[in-house]
Every structure is written in C-alpha cells, then in structure tokens.
Amino acid sequence: MSQRWRVVLGLAPALTLLAIGLGAALVGSLAQSLGHAPAFGVEAFPTTRYYQAVWSDPAVTAAAWRTLAGAIPATLLALLLGTALGLALPARRDLAASLVQLPLLVPYVVAVALASVWLAGGGMLSRLAAAVGVIDAPQALPRLLDGPTGIGALLVLVWKQVPFTALLVAAVRAGADPRLVEVAQVFGASRAQLLRYVTLPQVMPALVGAGVITLAFNLGVLEVPLLLGGGTHDTLAVKAWRAYADPDLSQRPQALALAWTLTGGVLLSVVTALGAARRWLPGARRR
Amino acid sequence: MSARAWRWSWALIATLPFAALVVASLAFGWHWPELLPSSWWLEARRTARLPLGWDYLASPASRAVPALLTTAALAAATALVGLVVAWPAARVLAHERFRGRGAVEVALLTPLVVPELALALGLAVSAVQVGLAGTWWGVLLAHVLPTLPYLVRTLTAVEQGFDRDVADAARVHGAGTWAVFWYLRLPLLAPGVAAAALFAFLLSSHLVVLTVLVGQGRVETTAVQLFARLGGGAALDPITAALALVATLPGVLLLVLLDGVLRRRVDLRGAAPRA
C-alpha cells in the first residue's frame, strides 16, 4: 500500500465522523437560527431577525459580560494554581500525586453537588463556622451560591481544572532534559531565576494549550452557571438553554441564534487568547 | 511551603469534600448547626414506610440502577467506537509525514473549542430530522465527538512510543503483518491504548448536556439523573448525595485502574529498546 493511501485510509474514519457530527450540528441549527423551523410555525428563511433580536437585547449583552467575567478569572486561577501544583508533582508518583487527580475524574454535576453540600446556606461551611462560634444563624454567612458574586461557580470550575493543568505541566517536566536545570545551577542560578528562565519557558507551550482549552470550556459551560447561578445571573449558555427549553417553541430559532453567538464568541476568544499568549509570553511562540 | 506539603494540601482539597457527601447520603435528620446528623438512615429505615436514601436508589422507583447500566453501556460503546475511529488516525499522525497535516490536526481538535451546548443544540435539531433523537444510537454518536480530540492526542503519543525499527527487524526475520501486530504492537501499545480507552469511557460518563438534548430525556444516565435533581442552591438531600457518590464511582475506579496501567507502561518502556 502506498504511503498516500495509508494516510488517507488512516485518517478517513475520524475525519468522516467529525464531518458528519459537526456538519449535522451546523446545518440543521444554522438553518433554524436563520428562520427555517416549519415544525414550530416559523418559516421566514432566510432572515437575520433572530440574530438582530439577540444582539440588540441588553440582557444578552449583560449575559455576555457575565460569561467573560466568570470564565476569565476561573481560567487564570486554574492556570496559576495548576502550574504551582504541577511543579510540585514528583517524577515518581506518590499517593498525593494520585489523589490530586480525583476532581478531573468526576463529572461537573458531582462538583456542583459538592459545592451544595459545603457552600449552601446551612451547608458544612456554615456548620463549621457555627461550631467555632463565628456565626449563630445559617443566614449570617455571606451567600456563596446563587449570590451576585458567582463565587460558587468559580470554585467549582477551579477545583475541577487545577489537576488538568497540573498533569500537563508535570508531563512536560517529566519529558524535559534535566541537564538544563543542572547547567543553570552550575552557573549559579537562584531558584527564582530557574523558574523564570528555565522551567516556565519549558512548560509555557503546554500551559498555553491548557489555558485555551480551559477558557473555551469555561465560556461555554452550562451545568455550573445553570445550577449555581440562582436564575438571576445567566451566562450566554444558560440563556440559550432557557430559550430552547421555553414552552413557546417559536423561541427555538432565538435559542439557536444565541448558541451560534456563543460559539462565535468562544472561537474569537480562543484566537485572541492564543495571539496574546504568543505575543507576550516567554517561550509560547514555539510550536 | 515545601512541594510535598503543597501536594498534600491539594490531595486533601481534592478528596476531603467527599466526606461530607458520604455523611449527607447517610443522614436522616441533620439540622443546622449539627456537624453530624442527629439521626441516621440506618436507624430510620427500620420504621420508614417508604424506601429512604440508599434504599430508594436501589428501588425500581428511582430508576438509578438502569441509569447506571445505561451509563456503563454508553461509555463502553463510546470508548470502543472512539478507539476504532481514532487509533488509525493517531497511527498516521505519529508515523507519517504528509501535506495538510496541520489542517488535519486542527480539525481533530475542533470539538474542544465548540461549546458542548452549541454542539448539543445543533445535533438535537438534526437528530429529529433523521430519527435519531431520543435514541441510544443518536446519543452514542454525540458522545464520540467530544472524546475524539483526547483519544487522537493520547493515542498519537502512544504510537510515537512504538519503535518501528523493532517491527522492521521482526519482518526481516520473517514475521507477517499479523505476527507483528499480535506479538509486537499489541503487547507494547496495550497499556497506553487501554489508558486512552478508559479516559474516553470516563468522559462519556460525564456528558450531561449532549445526553439530555440528543437523548430528549429518554436516554437516562447517572449524570443526567443527578443534573435533574440538583439546583436551587439548597443543601443536598440524602438521595441526591447518594446519587452524586454513584456518579463519582467510575472516576474512583479509573484512578485505581489507571495507576496500575501506567505503572505497567513504565515497566514495559524499560523493557523496550530505545522506545
């Protein structure tokens, strides 16, 4: 078999499945967002009225800002803590290094359940605070879930994503040439200099990859803001979900227009983040 | 803080929260500000007329057992289909040089940057038109998509660890295609491939939005059941806490399995020449 055929036959199944899946998701929903939904009594194809309605709605603009304000801090915090943890993982794994992976291996809905049992009004945290005498009523603690701060959602995202970054960083470190560090030490590099000029540039490409994947996920995630947002702090994903679940089926094209707006926004953010990382971060330009 | 202390702090942050979930699942009366319940499920179930907590999950009324079976079957099928589709692609990406390689790599990563909700809404619309909405097969196809990028990446790394010179040497000595696969590729790659498959299994068991929207509520997994019971910001009831623990089970199993698998992989690497 010639090399060309090996390449084509090897790639064909994966690319075909991907094309069918993404194509199906694209075609049907794009048509519907442009006004082709005869099943729900909407037949105005092609029209941009649903996009116009979505983009001119101040509630959607607010949701877009909330989406960014929720996703960016969570991503940065996960990257920072994940890098610190990744650098602390030993080459030969011990029990602690195994246990830190657990959040990565449970669904987001389990993380939401954990947030409820710990952070809800009357949850474990408020019981512990009462036990040490800090508060004397469940309401005395500031609301961590459902509140305007969104701190519950932030904690869930960071808790789940720190091990992801940490494992990527640890993998790069395990594969890196240890002599680089030795050379730097021989020439008298301090610990801070080692970190700045050897270790960080080594892990930076992996870090940028992890950051982009995490950011894309955090911008588009539904479960966490839906279940912990309390109905008053909808992100774009939550808005799209609510419009789709609306008993009024003529809302469907609007839901899909929202979903496409979200997808476009995520792609734009990813490209911007990649560009910014390549421009300003040491070592990110490689690969 | 030393690296060891920092690592152990995170190990505690990762595991300790589950203790409260275990307690919540076993509680019957747990009033604020009690740190532990004043009455427990095991005492209350003797006099209760309806199944409580874990008993309810085990009873047919909760449909928790069928949901767990659906989760496992769906995840296993996703891993299998994913492997069949992704492994050949990974083999090509690991060993062949060809034009358009960058484009192929980017294409295979796209499911990572398309929000699951957007993908699910799009697929739900199209699935209705082709009659796959609300079916097990429709959900299976939907589950394979987000697992593809991970499978291709891990399997490419696994394939890159395979030294083709070894296969060539075997061929020189008269080994056929089948013998090379059975005696060389399979034993050398098995741990890495198993790890990739386990991860795909796990990822499928986590997918909620795709399952709900493409399955139209008719394909019920454990994660979907948990999703339906959560929300409202209230403290957890025992049944939801128990369900969350059930949903944690695959991850814990994988943690144990993966540790074993990866240790074996390290040993094998030591045995393989130069790999």
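User: Buried means under 20% relative accessible area, exposed means over 50%, and partly exposed lies in between, with a 1.4 Å probe and protein chains only. How does Val183(A) count?

Analyst: This is a predicted model, in which local features need pLDDT of at least 70, side-chain atom pairs count only at pLDDT 80 or more, and totals for chains, interfaces and linings use all residues. Residues are numbered from 1 along each chain as its sequence is written, chains are lettered from A and ligands numbered from 1 in the order in which they are written, and side-chain values use heavy atoms, with hydrogens and water left out. Val183(A) has its place in helix 8 (residues 178–186) of chain A, where helices (H or I, at least four residues) and strands (E, at least two) are DSSP runs numbered from the N terminus. Because its relative accessibility is 44%, Val183(A) counts as partly exposed.

User: How many helices are there in chain B?

Analyst: Chain B has 275 residues, of which 49% count as buried. Its C-alpha atoms fill a box of roughly 75 × 55 × 35 Å along the principal axes. Besides two strands, the number of helices in chain B is 13.

User: What is the area buried between chain A and chain B?

Analyst: The interface brings 81 residues of chain A into contact with 79 residues of chain B. In chain A, Leu17(A), Leu105(A) and Arg127(A) lose the most area to chain B, together 10% of what that side buries. Buried area is the accessible area (1.4 Å probe) that two parts lose on being put together, summed over both. Carbon and sulfur atoms give 78% of the area buried here, which is about 7,000 Å².

User: How far apart are the closest N and O atoms of Arg7(B) and Asp94(A)?

Analyst: A salt bridge is a side-chain nitrogen of Lys or Arg within 4 Å of a carboxyl oxygen of Asp or Glu. By this rule, two salt bridges are found across the interface of chain A and chain B. Arg7(B) forms a salt bridge with Asp94(A), and the closest N and O atoms are apart by 2.9 Å.

User: Which residues does a cis peptide bond join?

Analyst: Most residues other than glycine have a negative phi, and most peptide bonds are trans. Pro33(B) lies in the loop between strand 1 (27–29) and strand 2 (39–40) of chain B. With omega about 0 degrees, a cis peptide bond joins Trp32(B) and Pro33(B).

User: What is the phi of Gln216(B)?

Analyst: Gln216(B) sits in the loop between helix 11 (209–215) and helix 12 (222–229) of chain B. Its relative accessibility is 39%, so Gln216(B) counts as partly exposed. Phi of Gln216(B), a residue other than glycine, has a positive value near 50 degrees.

Notes
Contact means heavy atoms within 4.5 Å.
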